[in-house]
Amino acid sequence: MSDINSVTLTGRLTRDAELRYSQNGGAVVRFSIAVGRSKRNADGTWSDETSFIDCVYFGKSAEGVNSYLSKGRQIAVSGELRQSRWEQDGQSRSRVEVYVNNLTLLSQGGSKAQDGGNEGAGFSRNTGSYSSQGNGEPRNQNSYVRPQGQRQAAAMTPGPEEFGNDDIPF
């Protein structure tokens, strides 16, 4: 039986992401996010506490999203925790990182790149695909933005104003 190792976090980037390439030419993007929470103190008051989480993202999706990962940007990541262990100067060392499978851009951050309204854009390592909910169009809470691939099909589908009362079967 295998155990479950899954983590989903939402936070803000603490620095610009670093893009490097492995020996076999694959992209590796490293970044850190600050994840805040409120905790109750012994005296009953509440205070904020921040955890800093290191993340690693691989592949073409990582290379594509790198220019959007600037300090201060809010993102959501999901993936798995991995622990690295090594010895340095006779001391045992370890580090826990999130190996990212999916990354979603949630808000505008710094200006590492002009992202043209890609708020809500998601990147997936598993599919190597990019999906965007914003596509540069204005959004509000009451509007529905159709994913880009469905826009052409929707243009060919008749709308409610194109049907007569005799065409509706109920």
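Is Glu18 buried, exposed or partly exposed, and what is its relative accessible area? Glu18 is partly exposed, at 35%. Here, buried means under 20% relative accessible area, exposed over 50%, and partly exposed in between (1.4 Å probe, protein chains only).

Keep in mind that this is a predicted model, where local features need pLDDT of at least 70 and side-chain atom pairs count only at pLDDT 80 or more, while totals for chains, interfaces and linings use all residues. Residues are numbered from 1 along each chain as its sequence is written, and side-chain values use heavy atoms, with hydrogens and water left out.

**Salt bridges**

The structure holds seven salt bridges; a salt bridge is a side-chain nitrogen of Lys or Arg within 4 Å of a carboxyl oxygen of Asp or Glu. Three of them are listed here:

| Salt bridge | Closest N and O atoms |
|---|---|
| Glu18 and Arg15 | 3.8 Å |
| Arg30 and Glu97 | 2.7 Å |
| Arg95 and Glu97 | 3.7 Å |

Arg30 lies in strand β3 (residues 27–40) and Glu97 in strand β6, so their pair ties together parts 67 residues apart in sequence. Strands (E, at least two residues) are DSSP runs, numbered from the N terminus. Glu97 is buried at 3%, whereas Arg30 is partly exposed at 34%. Arg15, Glu18 and Arg20 are linked in a network of salt bridges.

**An aromatic pair**

There is one aromatic pair. Phe58 and Tyr99 form this tilted pair, 5.4 Å centre to centre with 50° between the planes. Rings of Phe, Tyr and Trp (its six-membered ring) pair if their centres lie within 6.5 Å; planes under 30 degrees apart count as stacked, over 60 as edge-to-face and the rest as tilted. Tyr99 is buried at 15%, and Phe58 is partly exposed at 27%.

Notes:
Helix = DSSP H or I, 4+ residues; strand = E, 2+ residues; numbered from the N terminus.
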